[in-house]
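Let's take a friendly walk through a protein model. Have the sequence and the 3D view ready, and follow along one part at a time.

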Amino acid sequence: MAAAVLFFCTRPTFPVKPPGTTPSPWLNRFAVFTALATLTLLGMGGLVTSHGVGMAVPDWPNTYGYNMFLFPVSQWVGGIFYEHSHRLIGAFVGLLTAILAAWLWMRETRGRSRWLGLGAVILVVVLLGIRKMPVYYTLAAAGVLVMGFGLYRYGREARQLRWLGVVALAAVVVQGVLGGLRVVWFKNEIGIFHATLAQLFFVLICAIALLTSRWWRVQTSSQGSQTSAGRGWLNPTAGSRLRWLAVGTTLLILLQLMLGATMRHQHAGLAIPDFPLAYGKLWPAMDAESVMRYNQQRLEVTALNPITSFQIGLQMTHRIVAVAILFCVAWVAWLTRRNAGNALGVMGGSLRRLAQVWLALMLVQAGLGAWTIWSNKAADVATAHVLVGALSLVTGALWCIIAFRRLPGTTDAAAALSGQVRQTLAGDFARSNGGFHGNPATVTNH
Amino acid sequence: MKTTTHLALLAALAAGLQTATAGDITGTITLKGTPPPEKPITQLKDDVNCGKMHTEPVFTRFYVVGKAGELADVFVTLKGISGKSTGPSAPPLVIDQKGCEYVPYVAACQTGQKIVVKNSDPFLHNVHPTPVNTAGGNKESNMAQMAGGADLTFVFPAAENFLRFKCDVHPWMFSYVNVVDHPYFDVTGKDGKFTIKNVPPGKYTLVAMHRRAAPAPAGFEKEIEVTADGAKVDLVLDVK
C-alpha cells in the first residue's frame with residue numbers, strides 16, 4: 001500500500017487534458033460529491049469502532065436475515081444504527097464509485113472498448129447484487145488484480161484518468177468485501193486492513209476530484225503554465241528536497257493512520273489514560289507487574305480487553321510519530337514559503353496555502369489526539385480524530401501531486417516549458433540587475 | 001452379564017466411598033486496598049430501549065465489594081487436580097440478559113457443559129462469545145436473539161478463563177464464563193464465600209482469579225491440604 005501511494009504521488013507525468021474530450025464540470029462535481037460521501041463513510045466507520053459496535057449486526061451481507069436495504073428502520077437501535085448505517089453508506093459510495101468509473105471510461109474511450117467498459121461496470125454492480133459469498137470472494141480476488149493492472153496502465157497512460165476510475169472501482173469492491181469478511185470471519189486484523197484501505201481509497205477519490213477540476217486544467221494548460229512559468233521554483237535542488245520531504249511526511253501520516261487503526265481494532269480502549277505524561281512519567285513502566293497495576297485501575301465501560309505492554313508501546317509510538325509528523329509538516333510549510341519566495345505563481349501560491357492548511361490540520365489533529373485521551377476516548381472526539389487524520393493524509397497527497405506536476409523536469413508539460421522558464425527567469429534577473437546576458441540555465445540552477 | 005453387574009456395583013461403591021471420604025473446601029475472599037470507584041454506564045441510560053428498564057443509575061461491576069471487604073466474582077479452582085469433566089451430564093449454566101445486563105456477570109462451568117443464554121428483555125440482543133483458546137476447539141460465534149426468541153445454547157470443549165460473552169448492540173454488556181475441565185471450582189458471591197465440593201483428600205494448589213485484582217492466568221495461588229473433613233481457606237487479594 002505504501003508503495004502504491006509512493007507510486008501515485010511520484011508519478012512523473014500527470015494528465016494535462018484527457019485526449020479527445022472536453023472538460024466536464026459535472027464530472028468534477030460528481031467526483032467531489034463522491035469524495036464527500038467517502039469522508040462521511042469514514043466518519044461512520046470511525047463511530048462504529050469508537051462505540052465498539054462493529055459486530056452489532058452478526059450477519060453479512062444480510063442484516064439480521066433481511067436484505068440490508070429492507071431492514072426495518074424501527075430495528076436500528078443501539079450499535080445496530082452505526083453498523084447498519086455504515087453498510088448502507090458504504091453501498092452508496094460503491095454505487096457512486098461505479099458511476100464515476102463508468103463516466104471516466106466513457107469520456108476517454110471510443111468504439112467497442114467504450115461499451116465493453118460500461119458493460120463491465122454494470123456487470124460488477126449486478127454481481128454485487130447477487131449477494132452470495134462465492135461471488136464476493138471472486139470479485140474481491142479479481143479486484144486486487146484489477147487494482148494492480150489499473151495502476152500499471154495508469155503508469156503507462158497517465159493522461160487517461162479512466163484507469164484511476166478502474167482502480168477506484170476495484171478498490172471499493174475489495175473494501176466492501178473486506179468489511180463483510182471482518183464480520184463473518186471474526187478477524188480484527190481484517191479490520192485494520194479495512195481501515196487502511198479506506199484511507200487510501202479516500203486519497204484516490206480526492207485525487208480524481210483534483211485531476212478533473214477546472215483549476216487543475218487551467219494550471220496545466222499551456223496558457224496557465226506560460227502565465228506562471230516564470231514564477232515557479234527558483235531553486236530546483238531545494239524544491240526536489242522539499243517534494244521528497246512532503247512524500248516522506250505523507251507516508252509517515254499513512255503509517256500513523258495504520259498505527260491508529262491497529263490501536264482502535266485492539267478494542268482495549270486507552271492503553272495510556274493521561275497526556276502529555278504517560279502514567280505520570282515521560283516513559284511508562286511496561287513490566288508485567290506495572291501492566292497488572294494499570295489494569296487494576298482501569299474501569300472501561302465498553303472496551304474491556306485488558307491492556308498489554310505491546311499496546312502501551314503502540315500508543316507511545318503513536319505519540320512519537322505524531323511529534324515527528326508535526327515537525328515535518330511545519331518544515332514543509334516553512335520550506336514552501338521560503339523556496340517559493342515572493343515569486344510564487346498561481347500554483348506556487350496554491351502550494352503555499354495548501355501547506356499552511358496542512359499545518360493547521362496537523363495542529364488540530366494534535367489537539368484532537370490529546371482531547372481523545374482527556375475525554376477517555378469519547379466516541380465523537382475519537383471519530384473527529386480519525387476524520388482529521390484522513391484529511392491530513394489527503395492534503396499531503398494532493399500537495400505532492402501538485403508539486404510533482406509543477407517542478408521542472410518532472411512532467412511533459414514542464415519539460416516542454418523549461419526553455420520558457422529559463423528565458424523568463426533570465427529576463428526577470430536581467431531586468432532586476434539592470435542587464436544580464438549570461439546562460440539562462442545557470443540562472444535556474446542557483 | 002453377571003460380571004458386568006458386579007463391576008458396575010464395585011465402581012459405584014468406590015465412587016460412593018470417595019464421596020464419603022471427600023471434603024469440601026470453603027472460605028471467604030476479601031479485598032485489601034481501595035479499588036477505583038465504579039463508573040455509571042451512561043450509554044445504558046441514554047439508550048432508547050435500555051434506559052427505560054432502569055430507574056436508578058447502573059454502574060460497572062469490576063469490584064463488587066462488601067462492607068467488610070468481601071469480594072464477589074472471584075473464580076476459585078484447584079490446579080493440577082485429576083478429575084474428568086462431567087460437563088455433558090451436568091445441568092446447563094444459565095445466563096440471562098435482563099435490563100441490558102448479563103446476569104450473572106462472572107460464572108463457571110465445565111468443558112462440554114451446556115451454556116444456555118436467555119433474553120428476558122423486550123428487544124433484541126446479539127450474543128457474541130469471544131473465546132481465546134480457539135486452538136483448543138473453542139469457537140467464536142455471533143448470534144442474534146430477538147425479543148422472546150428461543151434460548152441460545154453454547155458448548156466449549158476446551159478449558160479457558162474468563163471467556164467473554166458480549167452484546168455488540170449494547171456494547172457495555174459483558175459476561176465472563178470460566179470453563180474448567182474438572183468439577184472442582186466455584187465463584188464467590190456477594191458475601192465473598194465459596195465452596196468447592198467433594199474434593200478427594202490430598203495436597204493441592206488453590207487458585208483464585210479475579211478479573212482485576214488477580215487476573216488470569218496466574219491469579220492468586222495458595223498451597224492447601226484437604227482432609228476427610230475438608231479445608232477452610234480464607235484469602236486476601238490486593239488492589240494497588
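Two residues are in contact if their C-beta atoms, placed from the backbone, lie within 7 Å. Keep that in mind as we look at this model, which is predicted.

The domain assignment of chain A gives domain 1, covering 23–212, and domain 2, covering 222–407. Taken over C-alpha atoms, the centres of these two domains of chain A are separated by 25 Å. Between them, 20 residues of domain 1 of chain A are in contact with 21 residues of domain 2 of chain A. On the domain 1 side, the elements that give two or more residues are H2 and helix H7 (188–211) of chain A. H7(A) gives the most, with 11 residues. By class, this side of domain 1 of chain A has 10 nonpolar, 10 polar and no charged residues.

## A closer look at H2

Helix H2 of chain A runs through residues 25–51, 27 residues in total. From its first C-alpha to its last, H2 of chain A reaches 39 Å, close to the 39 Å expected at 1.5 Å a residue. Just after H2(A) comes A:Gly52, with a positive phi of about 70°.

## H5 and H6 side by side

How do helix H5 (residues 133–156) and helix H6 (residues 162–185) of chain A pack? Their axes are 8 Å apart, and the angle is about 150°. Angles over 145 degrees count as roughly antiparallel, so H5(A) and H6(A) are roughly antiparallel to each other. Their crossing is left-handed.

Among the residues that meet here are A:Leu139, A:Gly143 and A:Met147 in H5(A), and A:Val167, A:Ala170 and A:Val174 in H6(A). The residues of this contact of H5(A) with H6(A) divide into 17 nonpolar, 3 polar and 1 charged.

Note on methods
Residues are numbered from 1 along each chain as its sequence is written. Chains are lettered from A and ligands numbered from 1 in the order in which they are written. This is a predicted model: local features need pLDDT of at least 70, side-chain atom pairs count only at pLDDT 80 or more; totals for chains, interfaces and linings use all residues. Helices (H or I, at least four residues) and strands (E, at least two) are DSSP runs, numbered from the N terminus. The expected span of a helix is 1.5 Å times one less than its number of residues. Domain bounds come from an automatic or database domain assignment. Ala, Val, Leu, Ile, Met, Phe, Trp, Tyr, Cys and Pro count as nonpolar, Asp, Glu, Lys and Arg as charged, and the others, Gly among them, as polar. Axes are lines fitted to C-alpha atoms, for helices over the stretch in contact, and angles run from 0 to 180 degrees between N-to-C directions. Angles under 35 degrees count as roughly parallel, over 145 as roughly antiparallel, 65 to 115 as roughly perpendicular and the rest as oblique. A crossing is left-handed if the near helix is turned anticlockwise from the far one by less than a right angle, and right-handed if clockwise.
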